[in-house]
Amino acid sequence: MDIAVIVQVLDSTLRLATPLLFACLAGLISERAGVFDIGLEGKMLVAAFTAAAIAFVSGNVWIGVAAAILASVALSLVHGLASITFRGNQLISGVAINFLAAGITVVVAQNWFRQGGRTPSLSGDARMPRLTLPFADALRDVPLIGPIYSGILSGHALLVYVAFLCVPLTWYMLFRTRFGLRLRAVGENPAAVDTSGVSVTALRYGAVAICGVLCGLAGAYLSTGLSAGFVKDMTAGRGFIALAAMIFAKWRPWPALWAVLLFGLLEAVANRFQNIEIFGLTLPVQAMQALPYILTVVILAGFVGKAIPPRAGGQAYVKEH
Amino acid sequence: MSKSGKLPHWADVTLVPLTSVALAFVISGILIWAIGENPWAAVKLMVDGAFGSSYGWGYTLYYATNFIFTGLAVSVAFQARLFNIGGEGQAALAGLGVALVCLYIPWPHWSLALVGATLGAAAFGAAWAFIPAWLQAKRGSHIVITTIMFNFIAASVLGYFLVNVLRPQGSMDPASARFPSATVLPKLHEMLRPLGIPFSTVPPVNISLFLAIGMCFAVWFMLWRTRLGYQIRAFGESEPAAEYAGISPVKITIYTMLISGGLAGMMAVNSVMGEQQRLVLNAVEGAGFIGIAVALMGRNHPFGVFLAAILFGFLYQGGAELALWTGIPRELIVVIQALVILFTGALDNMVRMPLTRLFAMRRAR
């Protein structure tokens with residue numbers, strides 16, 4: 001295996017980890033506030049379609065991204081309505097949102113573009129431009145630094161850098177601001193937050209809305225950055241991998257970054273090689289694809305440190321009178 | 001799944017689900033209208049396509065058979081307040097069980113093959129449900145997350161077996177060889193012919209339909225007439241109370257999930273053995289997830305599941321006709337399914353509150 005291949009794999013690791021990272025942080029914020037969200041997949045899918053469709057029609061990718069955020073937040077509010085206002089089952093609501101997204105994206109895509117549930121290919125300004133970091137070209141031939149800086153870190157769409165910036169931002173928001181403290185409290189003990197005169201409903205809606213914005217970015221990057229257009233079911237389980245990464249990271253932002261990088265690497269390796277030979281043993285490509293899910297089950301089972309969700313997660317808060 | 005409040009029982013089991021379905025249909029109608037098609041014409045086309053001929057009926061019942069199995073699977077788990085989203089993976093693995101039983105055992109007659117395949121399907125489905133059940137019971141891992149993960153793992157396992165083990169030599173298609181002719185199940189038209197009833201020979205509806213109806217009775221009997229069923233329902237009603245009464249949570253969680261996984265698995269008898277006659281990659285086609293909508297609409301009762309499965313069978317067949325004759329793609333059905341799950345499962349209180357108020361007003365008068 002030569003350097004060029006390694007650089008290529010790590011480069012695509014960053015790109016594949018980006019939608020996972022947005023979605024993972026989205027789920028993390030929602031669940032820290034006590035609202036389980038297995039509808040990440042659906043929100044990403046709707047955002048991916050909206051971004052591609054609006055970018056194609058308007059010819060401007062950023063209008064597409066804005067529309068994607070709006071669409072994703074709208075679905076978030078449906079989830080909020082079901083799980084916060086009407087105290088319904090949050091898991092069932094998530095399932096419903098995933099199906100709603102899977103169906104409506106194809107119905108609308110077929111109706112608008114008549115290309116079998118896909119959008120036309122995006123090009124030019126309708127796609128996310130790739131940024132070249134400062135001095136990337138000059139440093140290209142420097143040993144070690146060149147491949148890492150110019151080969152791996154440079155040349156991605158803006159949203160890739162935004163995603164990685166969201167990690168410290170999420171950490172700061174959750175652990176260094178009053179809003180974050182209250183948000184975490186509402187996921188552990190909503191009654192205490194209510195007693196101190198802060199609205200549980202408003203906090204949870206806030207968290208769910210942030211979750212929607214981040215899922216919107218995840219989906220928009222998927223269809224306008226990672227690929228050039230929307231195809232049916234293009235999220236392909238990424239929302240669930242993000243959920244897995246969130247559990248893997250035990251609902252903490254920095255470990256979430258390592259988790260999505262690991263899962264992104266697995267996907268990049270599975271894309272690059274079909275079967276991998278390790279010490280004469282052939283590892284089939286399916287094993288690579290299943291690995292994130294298997295790792296999550298192992299973590300959930302508590303064999304490698306226990307993953308404990310926020311205590312009030314999944315429960316609607318009923319105010320005492 | 002929530003408490004019935006002050007609604008009379010009959011309203012709880014009829015009005016609430018019917019209102020939810022009506023809401024789902026109205027919104028879907030608006031969607032059809034919004035994409036420039038005529039909702040009324042669409043409904044007529046769907047009803048005609050699903051019930052207008054024995055051909056349509058055949059497909060409707062074929063789909064319904066799948067949904068009865070997966071709906072019962074979700075219902076049994078719901079009775080113990082366990083949410084089994086893993087029906088999709090359990091049914092996929094059960095397809096592997098059916099394929100192994102049909103391909104590697106030289107069956108002399110289809111009736112014996114049916115028994116063998118049913119046992120194989122149930123065993124593989126149950127086995128795939130066992131691990132999440134054990135993890136939930138013993139290690140406290142959330143069953144919803146583990147069953148979701150197991151759906152994806154099942155897809156990989158199946159992909160591996162189809163590509164590397166079951167694929168006949170020289171074939172590029174990731175699918176097993178065709179099953180021997182002794183394992184072909186009788187179709188409904190063959191069963192109706194001796195009775196002098198003509199029925200279309202095209203649709204894949206087969207004897208598994210009666211297996212599914214039989215399982216409705218079996219599940220009803222198990223839940224309401226046996227000690228195990230009582231324990232399952234007691235556990236679902238209140239875990240601490242059940243434990244106080246000497247019911248082991250570990251045992252009930254595992255037993256319930258084994259039954260649930262086995263039921264989801266039996267779907268493979270209908271789809272893999274009854275229709276395709278070979279194992280393909282995506283044999284389940286989302287039926288495992290439709291089980292969630294069916295169970296919610298059927299209020300977790302086998303009879304309700306049966307009716308809801310017919311409704312979804314109608315939607316599937318009608319939706320296929322719709323896609324054939326109009327510009328409305330098949331995925332419209334997925335939207336309807338999502339709305340049914342949303343209204344019956346998550347927005348249940350939104351539907352229930354006004355109804356409860358209405359009944360309270362009537363009683364006050």
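## Two domains in chain B

In this predicted model, chain B is divided into two domains. Domain 1 is made of residues 1-34 and 300-357, so have a look at both stretches when you trace domain 1, while domain 2 takes in residues 80-218 and 228-283. Taken over C-alpha atoms, the centres of domain 1 and domain 2 of chain B are 25 Å apart.

## Two residues of helix 12 in chain B

Helix 12 of chain B covers residues 249-276, and B:Gln276 is part of it. Is B:Gln276 buried or exposed? With a relative accessible area of 17%, B:Gln276 is buried, because the cut-off for buried is under 20%. Leaving out residues up to four places away in sequence, B:Gln276 touches B:Arg178, B:Ser271 and B:Ala283.

B:Thr253 also has its place in helix 12 of chain B. Its relative accessibility is 4%, so B:Thr253 counts as buried. Beyond its neighbours within four places in sequence, B:Thr253 is in contact with B:Leu82, B:Ala133, B:Gln136, B:Ala137 and B:Phe235.

## Where chain A meets chain B

Now let's turn to the interface. Here 43 residues of chain A are in contact with 44 residues of chain B. The size of an interface is often given as the accessible area lost when the parts come together. For chain A and chain B that area is about 3,700 Å², and carbon and sulfur atoms give 80% of it. Which three residues supply more than any other three of the area that chain A buries against chain B? They are A:Phe86, A:Ile92 and A:Phe99, which supply 18%.

There are five residue pairs in polar contact between the two chains. On the side of chain A that touches chain B, at least two residues each come from helix 3 (61-85), helix 4 (90-113), helix 10 (238-248) and helix 12 (285-300) of chain A. Helix 4 of chain A gives the largest share, 14 residues. Sorted by kind, the residues on this side of chain A are 28 nonpolar, eleven polar and four charged.

One salt bridge is counted between chain A and chain B. The side chains of A:Lys232 and B:Glu331 form a salt bridge, at 2.8 Å from N to O.

## A glycine in a loop

A:Gly88 sits in the loop between helix 3 and helix 4 of chain A. Its relative accessible area is 14%, so A:Gly88 is buried. Leaving aside residues up to four places away in sequence, A:Gly88 touches A:Ala82, A:Ser83 and, in the other chain, B:Ala346. A:Gly88 and A:Gly314 are 226 residues apart in sequence, and their C-alpha atoms are 9.7 Å apart in space.

## Salt bridges within the chains

How many salt bridges does the whole structure hold over all chains? The search finds eight. One joins the side chains of A:Arg15 and A:Asp11 at 2.7 Å, N to O. Both residues lie in helix 1 of chain A, four residues apart, or about one turn of the helix, and both are buried.

Another salt bridge joins A:Glu267 and A:Arg238 at 2.9 Å, N to O. This pair links distant parts of the chain, with A:Glu267 in helix 11 and A:Arg238 in helix 10 of chain A, 29 residues apart. A:Glu267 is partly exposed at 25% relative accessibility, whereas A:Arg238 is buried at 12%.

In chain B, the side chains of B:Asp12 and B:Arg352 meet in a salt bridge at 2.5 Å, N to O. B:Asp12 lies in helix 1 and B:Arg352 in helix 16 of chain B, so the pair ties together parts that are 340 residues apart in sequence. Both B:Asp12 and B:Arg352 are buried. Salt bridges with shared partners join B:Asp12, B:Arg299, B:Asp348 and B:Arg352 into one network.

Technical notes
Residues are numbered from 1 along each chain as its sequence is written. Chains are lettered from A and ligands numbered from 1 in the order in which they are written. This is a predicted model: local features need pLDDT of at least 70, side-chain atom pairs count only at pLDDT 80 or more; totals for chains, interfaces and linings use all residues. Side-chain values use heavy atoms; hydrogens and water are left out. Buried means under 20% relative accessible area, exposed over 50%, partly exposed in between (1.4 Å probe, protein chains only). Contact means heavy atoms within 4.5 Å. Buried area is the accessible area (1.4 Å probe) that two parts lose on being put together, summed over both. A salt bridge is a side-chain nitrogen of Lys or Arg within 4 Å of a carboxyl oxygen of Asp or Glu. A polar contact is a pair of N or O atoms within 3.5 Å; within protein, one must be able to donate a hydrogen and the other to accept it, and residues adjacent in sequence count only if both atoms are side-chain atoms. Ala, Val, Leu, Ile, Met, Phe, Trp, Tyr, Cys and Pro count as nonpolar, Asp, Glu, Lys and Arg as charged, and the others, Gly among them, as polar.
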